[in-house]
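Dear colleague,

Please find below the structure that I am handing over to you. I should be grateful if you would look through it before reading my notes.

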Amino acid sequence: MLKEKMLNAINEQINAEQYSSLLYLSISAYLHDQGLSGFANWMYVQYQEELSHATKFFDYVVERGEKVELKAIEQMPTTWDGIIDIYEATLEHEQLITSSVHNLMDIAIEEKDHATQSFLRWFVDEQVEEEANVTEILDTLKLINGQGKGSLMLDR
Ligand code: OFO
């Protein structure tokens, strides 16, 4: 059993993770179209990871004997202004997801829901890793101005 506030917030998070997955799939489509298949593949892997995050939350709600409420997913962007813009948008999006995961943890603490706190710890750690990975790529892209041979080499 989950308290109503906790359940509602997790259902919102399922929507956020589904949005994340489609955002990265949309970026992957854009990058393929730009001829950057290496970056497109990286984004496709992120798409699959985000789908697995949505599924983890889904399974957790079911395991606790509650009902998942799926919601409409907002239209994601379909075009960007180059590779630096993409990684800046990705970092910004991951920071947003980090704050929603932290908000879930705040609710779990407030509700004294120890099982959900334990479940969420994986996501707290995962966000640290994801932000670090995106930041590292973004820093490298900035060094080479996101274009020219350097960017093609990074794509490979
Ligand atoms: Fe990187 O967002 Fe899922 O948790």
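Predicted model: local features only at pLDDT ≥ 70, side-chain atom pairs only at ≥ 80, totals over all residues.

Overall fold

The protein chain contains 5 helices and 0 strands, and its pattern along the sequence reads α-α-α-α-α. Taken along the principal axes, the C-alpha atoms fill a box of roughly 55 × 25 × 20 Å. Of the contacts between residues at least 6 apart in sequence, 81% join residues that are at least 24 apart.

Helix 1 covers residues 4-33, which is 30 residues. Just after helix 1, Gly 35 adopts a positive phi of about 80°.

Interior

Buried residues account for 43% of the 156 residues in the protein chain. In soluble globular proteins, nonpolar side chains tend to be buried together. The largest nonpolar core in this model has 21 residues, and the members that touch the most others are Ile 27, Leu 31, Phe 39, Ile 86 and Tyr 87. At least two residues of this core come from each of helix 1, helix 2, helix 3 (83-110) and helix 4 (114-143). Helix 1 gives the largest share, with 6 residues.

Which residues does Ile 27 touch, if those up to four places away in sequence are not counted? They are Met 43, Trp 80, Ile 86 and Thr 90.

Surface

The protein chain exposes about 8600 Å², and 53% of this area is supplied by carbon and sulfur atoms. A nonpolar patch on the surface is formed by Phe 58, Val 62 and Leu 70, which together have about 280 Å² of accessible area. Val 62 belongs to helix 2, which covers residues 37-63. Is Val 62 buried or partly exposed? Its relative accessible area is 48%, so Val 62 counts as partly exposed; the class lies between the cut-offs of 20% for buried and 50% for exposed.

With kind regards

Technical notes. Residues numbered from 1 in each chain as written. Heavy atoms only, no water. Patch = residues over 30% accessible without salt bridge, like charges linked within 9 Å, V, L, I, M, F, W, Y side chains within 5 Å. Areas by Shrake-Rupley, 256 points an atom, 1.4 Å probe, with all protein chains shown as cover. Salt bridge = Lys/Arg side-chain N within 4 Å of Asp/Glu carboxyl O. Helix = DSSP H or I, 4+ residues; strand = E, 2+ residues; numbered from the N terminus. Buried < 20%, exposed > 50% of the residue type's maximum accessible area, 1.4 Å probe, protein only. Expected span 1.5 Å × (residues − 1). Contact = heavy atoms within 4.5 Å. Core = buried A, V, L, I, M, F, W, Y, C linked by side-chain atoms within 4.5 Å.
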